[in-house]
Each structure stands twice: as structure tokens, then as C-alpha cells.
Amino acid sequence: MEARYSQRVSVECGVVFAGDHTIGEGRTLDLSLPGCLLQSATPLIAGDYVQLRLFLPDFETPLHVPLAAVRWVDGSRVGVEFIRTSQEEQRRLKQFVQQRMRRNATATWTEGLAVIDGMQS
């Protein structure tokens with residue numbers, strides 16, 4: 001298995017996509033700077049190229065990825081690599097991932113607190 005070169009963050013949000021021969025919708029399960037894992041009932045094929053609109057929970061307007069490549073498919077789960085995005089969209093994506101990573105680190109630390117004799121340690 002290949003090592004990841006960018007950390008992924010869990011997210012559950014809507015996604016719509018369109019390619020040469022398909023249009024569909026689904027949900028994003030996790031996200032990183034270079035791509036995402038999505039789930040959809042609409043079949044996709046590894047090697048397909050699609051446009052994406054990700055409806056991230058922290059943003060009013062969807063994140064637009066004008067060119068993405070389907071890298072792998074496992075049933076309804078699809079690994080997608082972002083090929084082309086604008087600098088503004090890259091900035092938004094980076095901001096979203098960094099905020100989620102900070103939230104996850106804080107949540108993990110909080111959940112890891114132990115209570116001993118009524119005192120936290």
C-alpha cells in the first residue's frame with residue numbers, strides 16, 4: 001500500500017459530479033488537499049475525468065474542482081484526485097482541511113482525558 005502524502009480529514013457532505021458520459025451525486029466521506037473519497041450510486045470507472053462541486057459544511061458556496069481523475073473504484077466508493085482547481089479554490093480547500101485537522105486534534109486530546117478521583121489528568 002502506498003503511503004499518503006497528505007493527511008485526510010473526515011467529512012460528510014454532498015457532492016455532484018459530471019464527466020463525459022455521466023452525471024451524478026453522492027457524498028464525500030473524507031478529504032485531503034489532493035483529493036477525496038466519495039460514495040455514489042452512480043457508477044464511475046477508474047480513469048474517468050470529472051468535474052466536482054463539493055458542498056462543504058463550512059462554506060456558503062460549493063467548492064468547484066473543474067478537473068479531477070477517478071483513481072480507483074470499490075463498489076460505490078471512489079477515490080478521486082484533484083487535477084485542476086483555481087488558486088482561490090485551493091486556498092479554500094487548504095483552509096477547510098487545516099481547520100478540520102485542528103478540530104480533530106482538539107477533540108482527540110479532550111477525549112483522551114482521564115478522570116481519577118474526580119480530577120482530570
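**Close-up 1. Val97 and its contacts.** Leaving aside neighbours within four places in sequence, Val97 is in contact (heavy atoms within 4.5 Å) with Gln7, Val9, Leu31, Ser32 and Leu33. Val97 lies in helix α1, where helices (H or I, at least four residues) and strands (E, at least two) are DSSP runs numbered from the N terminus. At 3% relative accessibility Val97 counts as buried, a term that means under 20% relative accessible area, with exposed being over 50% and partly exposed in between (1.4 Å probe, protein chains only). The C-alpha atoms of Val97 and Ser10 are separated by 9.3 Å, although these residues are 87 residues apart along the chain.

This is a predicted model, in which local features need pLDDT of at least 70 and side-chain atom pairs count only at pLDDT 80 or more, while totals for chains, interfaces and linings use all residues. Residues are numbered from 1 along each chain as its sequence is written, and side-chain values use heavy atoms, with hydrogens and water left out.

**Close-up 2. Phe82 and its contacts.** Not counting residues up to four places away in sequence, Phe82 touches a set of residues that includes Leu31, Pro34, Cys36, Leu52, Val65 and Leu93.

**Close-up 3. Cys13 and Cys36.** With a disulfide taken as a pair of cysteine sulfur atoms within 2.5 Å, the count comes to 0 disulfides. Cys13 is in no disulfide, and the nearest cysteine sulfur, that of Cys36, is 8.2 Å away, which is too far for a bond. Cys13 is buried with a relative accessible area of 6%, and Cys36 is buried with a relative accessible area of 0%.
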